[in-house]
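User: I'd like to go through this model with you, starting with some charged side chains. Can you take my questions one at a time?

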Amino acid sequence: MRRLFVILMAMSMTANILWAQFDVHSHAITATYMENIQAHGAEMDEGFPIPSWNVEEHLAFMDQAGIETSVLTMPAPQPWFGNGEESAAICRKYNEECAALKEKYPGRFLFCASLPLPDVERAIEEAVYALDVLKADGIKLASNSYGQYLGDPELEPLMEVLNARKAVILTHPHKPSAVNYKLIADVPLASYEYLAETTRAILNLVAHDVLVRYPDLKVVVPHCGSFLPNALPRFKGLLPVMVKQGYMQPVDVDANVSRLYFDLAGAATDDAIRALLTITTADHLLYGSDYPYVAASALVGAKASLQQHLPSLGLDPRAVLSDNARRLFGADIPVREYGERVVRLAEIEIDPEKLDAYLEYAAEVGRVSMATEPGVIALFSMQDVSDPCKVYILEVYADKQAYEAHVQTAHFRKYKDGTADMVRSLKLIDTIPMVVADFLKTAQ
């Protein structure tokens with residue numbers, strides 16, 4: 001049995017240590033950003049409150065969800081109040097704050113810089129500074145900046161600059177330039193209008209052939225492609241008619257769409273993903289959380305469910321949750337180094353009448369922990385052949401911090417509380433994995 005432990009630990013460690021999961025859709029809502037928004041009374045411009053945010057809670061969510069790296073972007077609304085100089089100053093401060101977070105927490109945060117649009121000249125200046133000086137990982141562009149939509153000819157000079165730098169562009173819906181305020185008071189923007197807004201902005205990019213004319217741009221579409229799986233076939237069908245009548249120029253729709261990436265933030269149901277795969281390929285799918293606009297506990301559960309369902313859709317969880325984003329943003333992103341591993345063996349005796357219920361709890365906590373916590377290297381449960389009520393659990397954690405984070409998770413607390421009256425005895429044995437360490441040095 002000891003040899004089995006060694007082999008299992010080695011296999012688990014080598015399989016999981018490279019699993020650096022990425023979240024390409026999250027928001028940093030800094031104090032200075034909020035102060036500027038509140039100073040102009042714009043905190044309800046999008047029809048719903050801007051959530052609170054701080055870096056400690058964001059990191060705690062990431063650890064609980066098993067996310068190694070998150071890409072930070074500015075939320076809506078766009079900080080434009082009619083003064084280009086003021087907007088540029090707000091964006092500069094925000095970008096510098098995000099750059100500082102990236103430097104302070106290497107490997108945990110990337111950021112896509114915000115620009116003071118619709119002032120194109122100042123936006124170009126900020127894009128150059130953010131990409132060249134602050135080393136931003138990309139640019140965040142709103143679907144529209146007070147009526148200036150993606151694809152607008154006014155943005156051509158900016159597209160030239162971004163294309164020259166092979167920029168990643170994260171797009172995000174903002175309030176439409178014309179909106180029925182009575183309607184959005186009853187039906188929030190996020191439930192419908194944001195999806196329509198993203199769709200119209202991307203279709204406008206395609207209609208102006210932007211992604212073919214600027215082939216080094218890499219554009220990420222949020223929220224499972226919004227309505228594009230439904231809208232694109234209709235757009236392609238109408239295009240020849242509109243071209244023939246002189247209302248549109250011919251464009252290669254498929255060539256433009258092939259350059260788009262799609263994050264799975266929002267309701268990433270099986271049907272939504274299947275629909276998305278009718279317009280893109282598996283290597284262009286990325287994980288996104290939309291933190292902090294969704295409660296951390298809900299996001300943890302949704303991500304675990306997504307990871308479990310991806311194989312049934314013919315998708316590789318590691319590609320969607322990690323490798324696709326790593327290729328998009330660059331393979332040189334540092335992965336967090338862990339400290340000394342924690343390896344322990346739990347010897348547990350279970351009440352025979354409650355054995356089946358206990359095994360269900362044990363299976364669930366093991367499955368969820370391995371799927372959502374990168375610091376949990378192995379949770380391997382075994383029963384004694386001669387006495388099935390004797391259960392052994394091999395526990396391997398990346399370090400002490402990973403173990404302490406694990407025992408605070410909701411799924412571990414559910415296991416602990418739910419099995420309290422099922423366990424007759426519990427013995428925890430801490431170990432020093434000397435043989436495993438030697439084996440891993442060669443295997444890695």
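User: Is Asp216 buried, partly exposed or exposed?
Analyst: Keeping in mind that this is a predicted model, Asp216 counts as partly exposed, at 30% relative accessibility.

User: Which side chain does Asp216 meet in a salt bridge?
Analyst: Asp216 meets the side chain of Lys166, at 3.3 Å from N to O. This pair links distant parts of the chain, with Asp216 in the loop between H9 and strand E8 (218-221) and Lys166 in the loop between H6 and E7, 50 residues apart. Lys166 is partly exposed as well, at 49% relative accessibility.

User: And what does Glu156 pair with?
Analyst: Glu156 forms a salt bridge with Arg213, and their closest N and O atoms are 2.9 Å apart. Glu156 sits in helix H6 and Arg213 in helix H9 (residues 210-213), 57 residues apart. Glu156 is buried, with a relative accessible area of 18%, whereas Arg213 is partly exposed at 37%.

User: How many salt bridges are there in the structure?
Analyst: The structure holds 15 salt bridges, and one of them joins Arg165 to Asp132, with the closest N and O atoms 2.9 Å apart.

User: Switching topic, where is Asp23, and what is the nearest side chain of opposite charge?
Analyst: Asp23 lies in strand E1 (residues 22-27). Asp23 is buried but has no salt bridge, and the nearest side chain of opposite charge is Lys303, 9.2 Å away.

User: What is Asp23 in contact with, then, leaving aside its neighbours within four places in sequence?
Analyst: With those neighbours left aside, the residues in contact with Asp23 include Phe61, Thr69, Ser70, Tyr287 and Ser289.

Conventions: Residues are numbered from 1 along each chain as its sequence is written. This is a predicted model: local features need pLDDT of at least 70, side-chain atom pairs count only at pLDDT 80 or more; totals for chains, interfaces and linings use all residues. Side-chain values use heavy atoms; hydrogens and water are left out. Helices (H or I, at least four residues) and strands (E, at least two) are DSSP runs, numbered from the N terminus. Buried means under 20% relative accessible area, exposed over 50%, partly exposed in between (1.4 Å probe, protein chains only). Lys and Arg count as positive and Asp and Glu as negative; His and the chain ends are not counted. A salt bridge is a side-chain nitrogen of Lys or Arg within 4 Å of a carboxyl oxygen of Asp or Glu. Contact means heavy atoms within 4.5 Å.
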